[in-house]
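Trainee: I should like to learn how to read this model. Please take me through it feature by feature.

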Amino acid sequence: MNAYQVKALQRRGITVSALGCVMLDVESPDLSCIPDEWCYTSTHPDRTWISGRQDEGHATLLYGLLDNANTIREDIDEVLDGWTPGIIRGDTLTVFHSPFPDEPYSCIVSELVLTPELRDAHARLSLLPHINTHPTYLAHVTLAYVHRDREADALAAIRRAFKARDILAQRSRRVVGDGRQDPHPVRGDDARARRRSPRHNR
């Protein structure tokens, strides 16, 4: 079970897909191995994050904040004070299927090696008011949204182009912010967010 299935939250007026999110920006790999015609882009005005190959990579540090992360930046900076991201490495390719009946896509992600640094960031951010949307923290980076009938082809193309651990294997940039986007009712949350300090993070 995950929070998307808990009707008690709905009765309390909590929309799980609108909870706050803190992300970590990472460099995205070149996914030109996935042809444009395999890519899926939503035409729904509220699902702009569903957009084919991802040009920017984002790993969720925590999804489920009761506040928009941009409104509690000072609090986030406090709990993350002194934290460094270390090296971000891909581990396994995974597919999240669309939770929307009218959106026949598959979301291909790279699960990340759950390093002590990622665990630490998640634990620190969990000190802030939030809802655990899933029973376990699964860090991942979204690679591409593809048409469901092209899922196997896209996976094969990525595997031919990369070894799983080579997809993401670099030092990340610590960039945090808020995203209210990807309501995948799966083991992890993926929303796009960027800290525009002045954008990762489901």
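Mentor: Let us begin with strand 4 (residues 105-112), where eight of the eight residues are buried. Buried means under 20% relative accessible area, exposed over 50%, and partly exposed in between, with a 1.4 Å probe and protein chains only. Helices (H or I, at least four residues) and strands (E, at least two) are DSSP runs, numbered from the N terminus. This is a predicted model, in which local features need pLDDT of at least 70 and side-chain atom pairs count only at pLDDT 80 or more, while totals for chains, interfaces and linings use all residues. Residues are numbered from 1 along each chain as its sequence is written, and side-chain values use heavy atoms, with hydrogens and water left out.

Trainee: Which residues point one way from strand 4, and which the other way?

Mentor: In a regular strand the side chains alternate between the two faces of the sheet. Here Tyr105, Cys107, Val109 and Glu111 point one way, Ser106, Ile108, Ser110 and Leu112 point the other way, and all are buried.

Trainee: How many bridges join strand 4 to strand 5?

Mentor: Two strands pair if DSSP finds at least two bridges between them. Strand 4 and strand 5 (residues 140-147) run antiparallel and are joined by seven bridges, with isoleucine 108 opposite alanine 144. Strand 3 (residues 87-97) also pairs with strand 4 in the antiparallel sense, over seven bridges; there, glycine 90 stands opposite leucine 112.

Trainee: Which residues of helix 4 are buried?

Mentor: In helix 4 (residues 151-161) they are Glu151, Ala154, Leu155, Ala157 and Ile158. Seen down the helix axis, these buried residues fall within an arc of 160°, so they line one face; the arc is that of the directions from the axis to the C-beta atoms. The face turned away from the buried side carries the exposed residues Ala152, Arg159 and Arg160.

Trainee: Which residues have the most contacts inside the largest nonpolar core?

Mentor: A nonpolar core is a set of buried Ala, Val, Leu, Ile, Met, Phe, Trp, Tyr and Cys residues joined through side-chain atoms within 4.5 Å. The largest has 22 residues, and Leu61, Leu65, Ile76, Leu118 and Leu125 have the most contacts inside it. A second, separate core of 15 residues includes Ile34, Trp38, Ala144 and Ala154.

Trainee: Where does pLDDT stay under 50?

Mentor: pLDDT is the predictor's confidence in each residue, from 0 to 100. The protein chain averages 80, but pLDDT stays under 50 over residues 179-202. Where pLDDT is low, the predicted coordinates should not be read in detail.

Definitions and conventions: Contact = heavy atoms within 4.5 Å.
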